[in-house]
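Colleague: I would like to go through this model with you, pockets and aromatic rings included. Could you begin with the terms used for residue classes?

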Amino acid sequence: MLDLTTMRATLAETYDLAPSMTLAEEMREIHARMDRVVPLPDFARYAPYIRAINQLKREKDAVILAHNYMTPEIYHGVSDVVGDSLQLAIEATKVEAGTIVQCGVHFMAETSKILNPSKTVLIPDMKAGCSLAESITAEGIAQMRAKYPGAPVVSYVNTTAEVKAASDICCTSSNAAQIVAAMESDTVIMTPDQYLAQNVARDVPQKKVVWWEGSCIVHEQYTARDIEDFRAIHPDTTIIAHPECPPDVVDACDFSGSTSGIIKYVTDHKPAKAMLVTECSMASNISDALPEVEFTGPCNMCPYMKKITLEKILWSLHTGTEEVIVDPIVAKKARVAVERMIDLSRKLGL
């Protein structure tokens, strides 16, 4: 566990991290990417960390991969590659730097290590977990195989390396339906997100989709009643859901898609008002790029994603600690499932 007191004292000895309006003004180009959601006085607190991290990346031959659920100061300030789970998995195979800093949750860092066994992979906080990843084990996969003999196991990338190693192929929310449809068996096992599986089952009626009963603590909180109540008050708002939401929530919305799918939909359609039924940072991170869209409505924060902060990123880079290690035997098996997903996604044009 990180000792925050020691961490802060050590960083303060090495870097000038005092809030600076002067530095914020000098970094206007970076601030412009988040101006709608991060006022300049707040950016003045982040600017010293952003400067230090970006300099340290160059010195340490490091690259930062950040998920769409990162906060704007991370997403726009220090990230080299941003995207959803599929995009980050693909980009991880292209990394040339010797060190990868994964700004996301632990399974994402494991995936980067699986795809880059010779590189150093850091995660700024080892406790950045995932409710989905924690809901399924390799033993759970074995149980599903015993219940449905011969059925291929399609595991969400939101799983541990051990679960990936026990699966036939991985998927993300952006390619799940296409991956399932491409399986040769009539019955397909999906783990661990029950709601993604139920939504995929409706999109791929030619397959019998069976699932493990896991769920995301962010998306399972939304209800169809929430959507209906909001629409009654704001009938002119376009409501867009992530497919980790329950099917009745998806049905109550105007569109459902992965994080990359949501960004594409809003960018293409530019609704005057939009509510994103997903993690809060999604709207914040695309707000400045879409000034025509007013993002509104409630959202739910992921407590695991929010464990990643600029302060912890700087500490991880400064010390080289919080390194992600995956057993080589497990990694080799898991890499097969992840690479099958990437290869099939490319063949399908995803």
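Modeller: Ala, Val, Leu, Ile, Met, Phe, Trp, Tyr, Cys and Pro count as nonpolar, Asp, Glu, Lys and Arg count as charged, and the others, Gly among them, count as polar. Please note that this is a predicted model.

Colleague: How many nonpolar, polar and charged residues are in the lining of the largest pocket?

Modeller: The lining has 8 nonpolar, 11 polar and 4 charged residues. The volume of this pocket is about 360 Å³.

Colleague: Which residues lie nearest its centre?

Modeller: Of the 23 lining residues, those nearest the centre are Ser 173, Phe 255, Ser 256, Gly 257 and Ser 258.

Colleague: And which elements give two or more residues to the lining?

Modeller: These are helix H11 (176-182), helix H12 (194-203), S10 and H15. H15 provides the largest share, 6 residues.

Colleague: Turning to the rings, how many aromatic pairs does a search of the whole structure find?

Modeller: The search finds 1 aromatic pair. Phe 255 and Tyr 265 are stacked, at 4.2 Å centre to centre with 15 degrees between the planes.

Colleague: What does the pair tie together?

Modeller: Phe 255 belongs to strand S10 (residues 255-256) and Tyr 265 to helix H15 (residues 259-269), so the pair ties together parts that are 10 residues apart in sequence.

Colleague: Is Tyr 265 buried or exposed?

Modeller: Tyr 265 is buried, at 16% relative accessible area, whereas Phe 255 is partly exposed, at 26% relative accessibility.

Colleague: Lastly, where does the charged end of Arg 45 sit?

Modeller: It sits over the ring of Tyr 46, 5.0 Å from the ring centre.

Methods:
Residues are numbered from 1 along each chain as its sequence is written. This is a predicted model: local features need pLDDT of at least 70, side-chain atom pairs count only at pLDDT 80 or more; totals for chains, interfaces and linings use all residues. Side-chain values use heavy atoms; hydrogens and water are left out. Rings of Phe, Tyr and Trp (its six-membered ring) pair if their centres lie within 6.5 Å; planes under 30 degrees apart count as stacked, over 60 as edge-to-face and the rest as tilted. Helices (H or I, at least four residues) and strands (E, at least two) are DSSP runs, numbered from the N terminus. Buried means under 20% relative accessible area, exposed over 50%, partly exposed in between (1.4 Å probe, protein chains only). A charge sits over a ring if NZ of Lys or CZ of Arg is within 6 Å of the ring centre and within 35 degrees of the ring normal. On a 1 Å grid over the protein atoms alone, a cavity is a set of points where a 1.4 Å probe fits but cannot get out, and a pocket is an open set with protein on both sides within 12 Å along at least five of seven lines; lining residues have an atom within 4 Å of a point. Grid points are joined across faces, edges and corners, and a volume is the space filled by probe spheres set on the points.
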